[in-house]
Amino acid sequence: RVRAMVGGWSFEVSQFNRAVQALRQPGSAFKPLIFLAALEAGAPPNAIVLDAPLVIDQGPESELWKPGNYSGSFYGPTPLLVGVEQSRNLMTVRLAMDVGLDAVVRKARDFGVNDRMMPVLSAALGSIETTVIRLTSAYGPFVNGGYRVTPTLIDRVQDRTGKTSYRSDGRDCPDCRDAGWEEQTMPRIADPRRRVTDELSAYQMASILEGVVERGTGPRARVPGHLLAGKTGTTNDSVDAWFVGFSADLVV
């Protein structure tokens, strides 16, 4: 359920809802999907990844691509989880090359970030486009065991007689219609949601993203007494600046 959504400063000034209609670049907020693909491929969170200069030949009519870290420095062999906490660009690009761009494209599609992502390395650093609600929803599987989240704004619509004409929850529960309890067992409702990552990888990614808040680029999101996780994201010249984070039952 969407608990709150802000799409602009004033509906009278502009009816354009920036939370669901504006296509923006997620920048480093897209990186967790790259690192998740590496975890799924068998890399442990403490796997060592090289953080060093990288030059990509983009073809005879294009300039050489030389991605760099936000700090302008390079840090050598670094554990994978530190690469997430400190948002290291070179490590992310190398991991994207290792797992393959096809895997990255699948992650973007499966998590609902972008359905037609181009298989280019710069996309690993968030040069694709998505919406606020899509990117926020994509962090849900990290904390719910790997199931894709479809955000809903309306739970149910009933007519004046109480008949339901629309229900966002499509699960069926025939046993829930029993008129009374006669010591029957608790109804079991099947979960039709699609699993987009395995439970272990989701748990590892959620734990790594806790480190972003505790030790990495998102310390201002820390709240004493609350277990929080998330990821920062900044595009070129800070045109877009993100923080997507979550607790046990809320993603923002």
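Predicted model: local features only at pLDDT ≥ 70, side-chain atom pairs only at ≥ 80, totals over all residues.
**Entry 1, the start of α7.** I began at Asp 198, which caps the N-terminal end of α7 with a side-chain oxygen 3.2 Å from the backbone nitrogen of Leu 200. A polar contact here is a pair of N or O atoms within 3.5 Å; within protein, one must be able to donate a hydrogen and the other to accept it, and residues adjacent in sequence count only if both atoms are side-chain atoms. Numbering starts from 1 along each chain as its sequence is written, and side-chain values use heavy atoms, with hydrogens and water left out.

I looked up its extent: residues 199-214, 16 residues, reaching 23 Å from the first C-alpha to the last, close to the 22 Å expected at 1.5 Å a residue. That expected span is 1.5 Å times one less than the number of residues. Helices (H or I, at least four residues) and strands (E, at least two) are DSSP runs, numbered from the N terminus. Among the buried residues of α7 I noted Met 205, Ile 208, Leu 209 and Val 212. Buried means under 20% relative accessible area, exposed over 50%, and partly exposed in between (1.4 Å probe, protein chains only). The cover over the buried residues of α7 includes α1, α2, α6, β5 and β6.

Just after α3, I spotted Gly 100 with a positive phi of about 95°.

Helices α1 (31-40) and α4 (101-110) pack at about 115°, axes 9 Å apart. Axes are lines fitted to C-alpha atoms, for helices over the stretch in contact, and angles run from 0 to 180 degrees between N-to-C directions. Leu 33, Ile 34, Leu 36, Ala 37 and Glu 40 of α1 meet Val 104, Lys 107 and Ala 108 of α4; contact means heavy atoms within 4.5 Å.

I listed seven helices and six strands. Of the 252 residues, 39% count as buried.
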